[in-house]
Amino acid sequence: MASVNIIVGSHVWVEDPKLAWKDGEVIKIHGQDVHVKTSDGKVVVAKIAKVFPKDTEAPPGGVDDMTKLSYLHEPGVLQNLATRYELNEIYTYTGNILIAVNPFQRLPHLYDTHMMEQYKGAAFGELSPHVFAVADVAYRAMINEGKSNSILVSGESGAGKTETTKMLMRYLAHLGGRSGVEGRTVEQQVLESNPVLEAFGNAKTVRNNNSSRFGKFVEIQFDKSGRISGAAIRTYLLERSRVCQISNPERNYHCFYLLCAAPAEEVERYKLGNPKSFHYLNQSKYYELDGVNDAEEYLATRRAMDIVGISEEEQDAIFRVVAAILHLGNVEFAKGEEIDSSVIKDEQSRFHLNMTAELLKCDAKSLEDALITRVMVTPEEVITRTLDPEAALGSRDALAKTIYSRLFDWIVEKINISIGQDPNSKSIIGVLDIYGFESFKTNSFEQFCINFTNEKLQQHFNQHVFKMEQEEYEKEEINWSYIEFVDNQDVLDLIEKKPGGIISLLDEACMFPKSTHETFAQKLYQTFTKNKRFIKPKLSRTSFTISHYAGEVTYQADLFLDKNKDYVVAEHQVLLTASKCTFVAGLFPPLPEESSKSSKFSSIGSRFKLQLQSLMETLSSTEPHYIRCVKPNNSLKPCIFENLNVIQQLRCGGVLEAIRISCAGYPTRRTFYEFLLRFGVLAPEVLAGSYDDKVACQMILDKKGLKGYQMGKTKVFLRAGQMAELDARRAEVLGNAAKIIQRQIRTYIMRKEFVSLRQAAIQLQSCWRGSCTWPCRLFLLQKSSESCDHYSVWLEATGSQEGASKSQNGCKGNRCSQRSQGQARKEGGRTDMAVAI
Ligand SMILES: Nc1ncnc2c1ncn2[C@@H]1O[C@H](COP(=O)(O)OP(=O)(O)OP(=O)(O)O)[C@@H](O)[C@H]1O
């Protein structure tokens with residue numbers, strides 16, 4: 001499409017392996033090859049289809065809405081974001097979508113109360129792009145239309161989702177809070193739930209020092225008068241494996257380190273100490289976070305827990321469980337006397353076992369048995385089977401993970417109960433802070449679930465963007481029926497279709513006792529041989545690749561079966577249900593008779609699928625608003641904007657897809673006035689006539705032979721590439737006009753020179769003729785000085801006239817003191833003439 005508009009001299013963007021795109025000027029076009037001289041002086045040859053026009057008239061500070069870009073394409077979008085980021089303008093719209101580029105530095109002026117007041121009630125787009133503007137639109141829409149709204153914040157780890165979510169919540173609390181009320185108001189509780197959830201659900205990872213290891217949907221309920229009246233927090237898929245396994249330079253969940261830094265009496269009470277002495281923490285060398293004081297954070301978390309309504313006793317119980325997990329991790333096993341059996345390794349391990357039992361208030365012997373034996377009930381008898389040390393370690397870690405995830409769920413539930421739901425709430429604003437698309441070297445079940453979530457959200461996003469486009473077209477009363485829209489339903493079918501999707505096949509595999517990850521992978525290969533979205537990697541027997549909307553991801557099926565099984569080991573359940581601590585026993589309520597008997601299988605994958613379904617239903621009943629967070633660099637430092645990195649995220653976040661959808665329709669819109677201002681030069685006769693703006697626009701477009709564009713009520717809607725085409729024509733017209741002007745000027749200058757030369761010649765000639773009638777010869781010698789037109793002239797008498805002068809000076813300038821003198825002047829009076837050249 002772009003190729004039509006690229007001519008020699010065009011300013012273009014050309015692909016670059018390092019910078020993603022480089023700008024330059026076309027110097028030659030040879031068939032499909034375009035030779036571009038880039039701004040750094042190099043010449044690059046690229047295929048014409050891969051070269052995009054550059055808007056040389058784009059404002060130097062960028063535009064605050066990408067849809068204002070004359071050319072809506074990848075390099076244009078990237079350049080605009082980079083330009084703005086450099087000016088600390090971290091927010092930019094793409095239509096209704098807000099793109100937020102992480103500044104990695106505090107910008108307090110952006111978020112103070114004064115700023116909040118400014119955005120209150122301001123029309124969208126009137127002020128600079130901002131998260132407050134999005135929250136304000138959602139709030140106003142809710143108040144005015146009585147409809148629920150949602151704000152979906154997405155982006156990769158470290159992109160700024162949680163920070164953005166916090167700003168949104170602060171702004172909504174500002175709008176819907178009660179002024180002057182201190183203490184535990186609903187909005188205060190909603191805000192303070194963040195530090196509590198962060199202490200238990202966030203950890204330092206390679207990509208973010210404060211990474212949320214769970215998804216979160218906060219539903220803020222409002223009453224009739226727009227006041228916050230309740231809230232509910234739903235969380236998704238906490239990363240359980242982190243409790244037992246971390247690698248350098250990551251950390252475990254913050255709460256473990258906070259507790260180790262607690263006041264001395266608490267550390268003593270829980271027999272804790274240096275984090276380095278705990279296996280669950282010392283697998284990585286990182287214990288401290290830059291700029292974070294764990295001791296202070298511990299106290300702050302306690303205060304936040306007070307506000308969200310977690311009592312003192314409950315707080316003690318929570319930290320007791322956290323300490324128990326640390327001690328549990330230090331229990332090691334050695335081989336027992338019998339084959340495949342194990343015993344507690346040494347005194348150290350025994351100490352930690354006893355401490356775990358004491359903190360969990362359960363029987364130490366029962367804990368030991370639950371770790372190293374399994375009871376199997378057959379119709380004939382009850383068999384006790386021992387576990388070898390490796391299996392015992394597995395059992396220990398499984399117990400730690402189960403306790404921690406139950407603890408996390410308890411905290412979320414407690415916050416929900418404490419904040420309270422408003423059954424009479426008129427409408428809600430939901431804020432979704434969920435993990436973005438992930439693709440690592442090794443991708444496991446967690447990435448599979450995360451990417452499944454993102455496929456779901458992407459579908460929702462596509463449908464919404466598409467709908468918004470349609471609404472704009474409808475408003476302008478233009479015909480939009482033929483716009484194509486690519487759906488990702490096929491990937492979703494591959495993953496979640498029942499029966500036959502990957503999740504169903506995984507559940508089946510988990511139910512068959514003889515299944516292994518290899519048989520599971522083989523089953524996938526057989527079932528999806530012809531599926532376009534499924535690829536079997538050549539050299540692997542257990543991995544599979546899914547072609548997601550954001551790119552291909554290869555998953556290692558090795559741990560899929562284990563990670564999908566959602567059950568608590570019966571021995572662990574019995575042990576903890578019997579705890580003398582009501583808090584711990586409450587985390588493990590006894591299973592109802594029915595369910596323990598029935599063989600109803602439950603899996604993480606299926607449960608997650610249901611959770612997502614419910615989330616999507618909620619979202620579908622709301623008016624969505626999107627915020628795409630972008631991480632500009634992997635060093636987590638300010639002022640660094642890595643093009644390739646950003647492009648990848650814009651692709652994964654669906655921003656480029658939104659642009660693509662937009663391009664499939666009429667990506668460029670200009671009001672009639674703007675259009676005439678820019679393209680009036682293409683038809684001066686139309687401008688000269690007194691036509692209505694709309695008619696004038698139509699006449700220009702028709703004159704240029706454009707097809708497929710549409711005239712709205714107030715705007716011209718152009719197809720992708722048409723703006724560039726018109727610009728190319730405009731450049732041609734302006735180029736021709738420039739040539740005419742240059743020609744006229746050159747003519748004028750040359751003519752002026754010619755006229756004065758001719759004048760000089762005439763004068764010389766007349767002088768010469770004069771000399772012929774008066775017998776002397778005239779020689780023009782030289783200009784006497786630069787400052788006047790005074791020439792030295794030699795007059796040589798050729799006849800016998802008396803007194804003829806041998807040499808004379810003369811000047812035509814009045815200010816020159818040298819005048820023609822002497823006999824020649826006196827006699828002939830002509831020397832003046834002759835010298836006035
Ligand atoms: N608007 C902002 N202003 C200043 N700093 C920010 C802003 N947004 C993000 N940051 C910085 O970036 C860091 C990472 O942000 P955040 O924790 O919100 O990322 P995330 O997208 O939620 O990541 P994850 O998915 O890992 O939880 C923050 O700790 C903060 O230092």
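Guide: Let's start with β1 and β2, which form a hairpin with three residues between them. Please keep in mind that this is a predicted model. Strand β1 spans residues 11-16 and β2 spans residues 20-30, and six bridges join the two in the antiparallel sense. Strands of a sheet pair through backbone hydrogen bonds, either parallel or antiparallel. Now find Trp13: its bridge partner in β2 is Asp23. Strand β1 has another partner, β5 (residues 52-53), to which two bridges join it, again in the antiparallel sense. Trp13 takes part here too, with Phe52 as its bridge partner in β5. What does the record say about this region? An unreviewed UniProt entry annotates residues 7-56 as "domain: Myosin N-terminal SH3-like". That span is 60% strand and 0% helix, and its end C-alpha atoms lie 15 Å apart.

The unreviewed UniProt entry lists Gly155, Glu156, Ser157, Gly158, Ala159, Gly160, Lys161 and Thr162 under "binding site". Gly155 is found in the loop between β8 (149-154) and α4 (161-176), and Ala159 lies in that loop as well. Are these two residues buried or exposed? Gly155 has 26 C-beta neighbours inside 10 Å, so it counts as buried. Ala159 has 24 such neighbours, so it counts as buried too. Setting aside neighbours within four places in sequence, Gly155 touches several residues, including Gly160, Lys161, Arg628, Gln649 and Gly653. With that same exclusion, the contacts of Ala159 include Asn102.

For a helix, look at α11 (residues 347-360). Its 14 residues reach 20 Å from the first C-alpha to the last, close to the 20 Å expected at 1.5 Å a residue. Its buried residues are His352, Leu353, Met355, Thr356, Ala357, Leu359 and Leu360. They pack against α10 (312-329), β14 (342-344), α12 (364-372), α19 (570-577) and α20 (582-587). After α11 comes Lys361, whose phi is positive, near 55°.

We finish with another set of strands. Here three strands form an open sheet in the order β22-β24-β23, with antiparallel pairing. The edge strands, β22 (668-671) and β23 (710-711), each pair on one side only. Four bridges join β22 to β24 (residues 715-718), and Arg669 stands opposite Phe717 in β24. Helix α25 (residues 672-679) lies across β22 and β24, running at about 95° to β22.

Definitions and conventions:
Residues numbered from 1 in each chain as written. Predicted model: local features only at pLDDT ≥ 70, side-chain atom pairs only at ≥ 80, totals over all residues. Pairing = 2+ DSSP bridges. Contact = placed C-beta atoms within 7 Å. Axes fitted to C-alpha atoms, helices over the stretch in contact; angles between N-to-C directions. Expected span 1.5 Å × (residues − 1). Buried ≥ 20, exposed ≤ 12 C-beta atoms within 10 Å, placed from the backbone. UniProt positions renumbered as here; feature names shortened; annotations may be inferred.
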